[in-house]
Structures are given as C-alpha cells and as structure tokens.
Amino acid sequence: MESRGKSLKPTRLRGTRAPEQLLVSRMGRAGAARGDVSLGTESKKGMVMRVIAEDETRSPTEFHCALCDVLLTPENNSREHLVPNGIGGQKAVRNVFCKTCNNRTGSAWDADLTKQLNPLNLLFAIKRDRGNVQAQDFTTVSGQQVRVHPEGHLTFLPQEPVCTQTEEGLRVQTRVGTMGEAKTFLSGMKRRYPKLDIEEQMRNLKMDRIYLNDPIFTQLSPGGPAAGRSFVKSAYTLAVASGVPPKICVEARAYLLAEDGVPCFDYFYKRDLVTNRSQERVFHCVAVQGDPATGQLIGYVELYSAWRMVICLSSQYTGHAFESSYAVDPSTGEEVALSFDLKFSREELRAACDSQDDYSGELLKALNAMMSIGYPASLARERERVLLRAVATAMERLGIGSGDCLQPEQVPEFSRIVSEEMTPCILHQMSIAHGRVV
Ligand SMILES: [Zn+2]
C-alpha cells in the first residue's frame, strides 16, 4: 500500500473565524468561572488528577455526563476510550459520559474517523477490544479492483466475465477472489445454463496466488465535522477524566454540543510538540495541559504520528497547573511513554488555532515517516502469515497431525511444499526491496 503524495488533499477541519473575534470571546469571559476549578494536589507530569473540590455539577462521589449532564449511575456510566478503540486506542475511563452519549458519539464521530483511517487500520493491523478492522476495497494505480483483508492479504474483486463462442460451446472466463465467490458465480451461471455441473467445475478450479506489483491508490485526509469532533472529544475526555469540571471547557463544549459549533482546533506543524518522538514507532496520543497563569487549557491529539492537532479546550482555566497524557502504539496496543511541550502564549495559541498556513508539506513528511515504519512491518507480517500457511499446507498434504513428528523421510517433500508455497511471497518482497519485478 502506498500513500500517494499527489492524492493527498488535507481537509481543513477548522472553520473560519476572525482572530479578533476569537480573542475577544476568550478574553471577555476569562475569569467568569474563577473559583469553580480546584485541583487540590500539586501536579505531576503525566499524572491523572482527581477532582478535589466540588463545582455545581461534579464532586468526587457524584458525576454528571460531560455532554448531556445526566447524573451518572452504575447503570448508565460508560467506559470511554481516550483514543477511539476503532483506530487502536486501548485505555478507557469511567465517570465522563453516560452510555447514551458514549454510543451516540461513538457511532457518529468516532466511527466516521475510524472509517476514514481504515486504510491505515489495515496497514498497521491494529489491535481492538472487539470487532475486526473492516476489509476495504481499493483500486490499484492501473485500475484493478482488490479487497484488502484484516489479516493483510488481498483478493481480487469479481470481474465481468468474458464470453467466447468456441467449437465446443460457450467459454466463460472470469477471475474471483475466493472459493466462496467462485461458488456464488457458478450458482448464478447455473440459473442461466441449467446443465452446468457446479461440483465438477469446483473440483477443476485452480487457485493462483498472485502478488500485486501495482500500488494501491488511496486518499488519506481525515476531515469533516464528525471526525473533527472525535479529535476534540479525545482531549475533552482526558481533561475531564483528569479532574477538570466539564463546564470549564467552554470552547470544547461550544464545538461539541452545537451542531454549528465553531471548531476550536487546527492542525499544528510549526514545531514538534512531542519532545521524545521515536522514529521507530507509530503512535496515537492525546495530551492536555492546564495553565492558570495564562488561563489556557490546551489539548493535543496526534493520530498515526501524522495528523497533529492543537485544541483550545478552555481559555478560562483557573485550577492548578497540570499535564496529563496517553499514547499508544496501535499495532501492539502497548502504551508509549511520550513527553510533550504544550506551552503556548495566548498569541501563539491564537495563531495556531487560526492559522491559514499551508502545512501540507509537513503533513506529507510525517506521512512518509509513518509509511517507512508501517510498510516494512506489513511485509514482515505477510512473510509470517505465508510461512504459517505453507507449514500448515505441507503438514496437511503429508498427513501429519498437530501432535505428530516429522519423519526424516518426509523432510525433503515437506521442504519442497513449504518452499513452493512461499516462493511467490519471497519473489514479491525481493522485487520490492530491489525496486524491480523478479
Ligand atoms: Zn450523556
């Protein structure tokens, strides 16, 4: 799979609001909620804070949904993933949203983001709590229709059959991706040609394993209001789970709660906000930082180490200084230890969130770095998958059960079958490594 530079059209999720207006609204209301936030302990980097003092909606023993404000009970309390589980987030928090809001935003916002990022969910073979990554159909650069499966392999989509009249009768040629599709195709043919012997045709079928030397064409540009709300929700969830009373997050709530809410975030590539970025690992992360000196509660969300967003959750923050974060490697589900530098002056934040900069070059650089990690990993997974399948095929053909030992006289035939089964994969990967078709 390749990310094609030319097809990349980053969608601006942010709306257009004049910087002056933004500043007035933030400055004008700063301090209105002073006294509402009280985080009682000194902050520690990365530590999730607890709410100590009460505000009108939230206390240590009584939580209200951070979206619809309903009282959370054991029956309606939900587990909300900090990063959507659909793209590989693992960690979930309670006491933030009710089940209704969790389900509603999950199926509207997170599902939209998950769908847009599905090519990468497949490439990175992400780990999910439940449900598989969806297989997806693609068109290759030369126009072939293929389906990529969660296990990493591809099948061709059924082609229009080619019919030729020969001396023996009508010859019908087609190509399908699986034996099941072959049976479906033959059943359709039998309705037209009742004399067709499906069983005989199935017995004579030959399955070829072909590797594509033809890059897949896909657009990678998550955008739109639903995906935008999913980004902001991640940072809002972490802030609330860290002890920030929901109503302090004025900008985030204005965007999340109103259909025409003004987006409170933008892509940010002016500097790297992750201070210990690994070049060997792709991650998703969400971080929040509250700074009473500036009154800002800033969120940062980065997905697949490429899409990087700064979010203004609140400009009315008066609690203690704190930072909280979560990062995960979507391929393994393991947490990643990251450090962040989210110190923005008011002016810098205003510029970041209202930036009209063309960041497509920086985004492309980040996408290329991501692909240079993800693509070799997907090739390694394919080698592993093919090797396991080759061994299983050889054992089956030699009649070796799972608990049986391979006898010395079976070794040459076993090796021959494994080698034969693996050859297309090896040749394909050699051709990629050497940049030519072998
Ligand atoms: Zn709710």
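Biologist: How are helix 9 and helix 10 oriented to each other?

Modeller: You compare axes, which are lines fitted to C-alpha atoms, for helices over the stretch in contact, with angles running from 0 to 180 degrees between N-to-C directions. Angles under 35 degrees count as roughly parallel, over 145 as roughly antiparallel, 65 to 115 as roughly perpendicular and the rest as oblique. Here helix 9 (residues 360-397) and helix 10 (residues 411-434) have axes that cross at roughly 160° and come within 8 Å, so the two are roughly antiparallel. Helices are DSSP runs (H or I, at least four residues), numbered from the N terminus. This is a predicted model: local features need pLDDT of at least 70, side-chain atom pairs count only at pLDDT 80 or more, and totals for chains, interfaces and linings use all residues. Residues are numbered from 1 along each chain as its sequence is written.

Biologist: Which residues of helix 9 and helix 10 meet?

Modeller: Contact means C-beta atoms, placed from the backbone, within 7 Å. Among those in helix 9 are Leu 379, Val 386 and Arg 397, while helix 10 brings residues including Phe 414, Glu 421 and Gln 429.

Biologist: And how are helix 6 and helix 7 oriented to each other?

Modeller: The axes of helix 6 (residues 225-241) and helix 7 (residues 250-257) cross at roughly 140° and come within 10 Å, so this pair is oblique. On helix 6, Arg 229, Val 232, Lys 233 and Tyr 236 meet Ala 252, Tyr 255 and Leu 256 of helix 7.

Conventions
Two residues are in contact if their C-beta atoms, placed from the backbone, lie within 7 Å.
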